[in-house]
Amino acid sequence: SFAKAGMLSKDGRAKAFDDDADGYVRGEGGAVLLLKPLERALADGDPIHAVIRGIGTNHGGRTNSLTVTNPKAQADLIVAVHQGAGIAPDSVDYVEAHGPGTPLGDPIEIAGLKDAFARLHQAAGTQPQDGRVGIGSVKTNMGHLEGAAGVAGLAKVLASLRHGRIPANVGFKRLNRLIDLAGTPLRIQTEPSPWPRGDQPRRAAVSSFGFGGSNAHV
């Protein structure tokens, strides 16, 4: 039924943000994360892989179809989560996007990210640095885990923090023609890049957007 609806990639390859994107690839998998208040984790001597500074969900309301999401609702959520956590937009290094690899869904998500970062920089009174924030999607590695898609993206970020390296989108060739990143702080992660520990904490955001307009951001 997904194939008949034109939702699945015909060659079984996830091509997030690529001009050849033709649908998503179903994957199988799951992950378990142990979440704990920071003070308790420190008191208990636990290994701490990352600190969650902010989290939120919303819904885009009425949509034009099951798979068409609302970029304004996505942007509203991202702005609310970042501002609520006191995160400066120029301190974010990477966004693990939903990035399903659909020709329309990917540009819609990028439109929401562009709007969100523009609003965050305006509110902070800062000037965005072109191409500072990498964007990737674990779906190019393992497909779309659907109900576990968000936790898969979070697990990828944890691995990136552990190894001090941000991986590239697998098989990326050329940018979707509906996406324009000129003059924005965003860039597609086309090559692996080091993620060293600096004077500031390494920071990443994770987005997961569901059928029918539900949005989550960490």
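Residues are numbered from 1 along each chain as its sequence is written. In this predicted model, local features need pLDDT of at least 70, side-chain atom pairs count only at pLDDT 80 or more, and totals for chains, interfaces and linings use all residues.

**Exercise 1.** Find how many helices and strands the protein chain has, and give their order.

Start with the counts: the protein chain has five helices and eight strands. Helices (H or I, at least four residues) and strands (E, at least two) are DSSP runs, numbered from the N terminus. Next, read along the sequence: the pattern is α-β-α-β-α-β-α-α-β-β-β-β-β.

**Exercise 2.** Compare the radius of gyration of the protein chain with that of a compact globule.

First take the rule, 2.2 Å times the number of residues to the power 0.38, with the radius taken over C-alpha atoms. For 218 residues, a compact globule would have a radius near 17 Å. The protein chain has 17 Å, so the two agree.

**Exercise 3.** Locate proline 196 and decide whether it is buried or exposed.

Begin with its place: proline 196 lies in the loop between strand E6 (193-194) and strand E7 (204-209). Now apply the cut-offs: buried means under 20% relative accessible area, exposed over 50%, partly exposed in between (1.4 Å probe, protein chains only). Proline 196 has 58% relative accessibility, so it counts as exposed. Finally, look for its partners: leaving out residues up to four places away in sequence, proline 196 touches Gly164 and Arg202, where contact means heavy atoms within 4.5 Å.

Key
Side-chain values use heavy atoms; hydrogens and water are left out.
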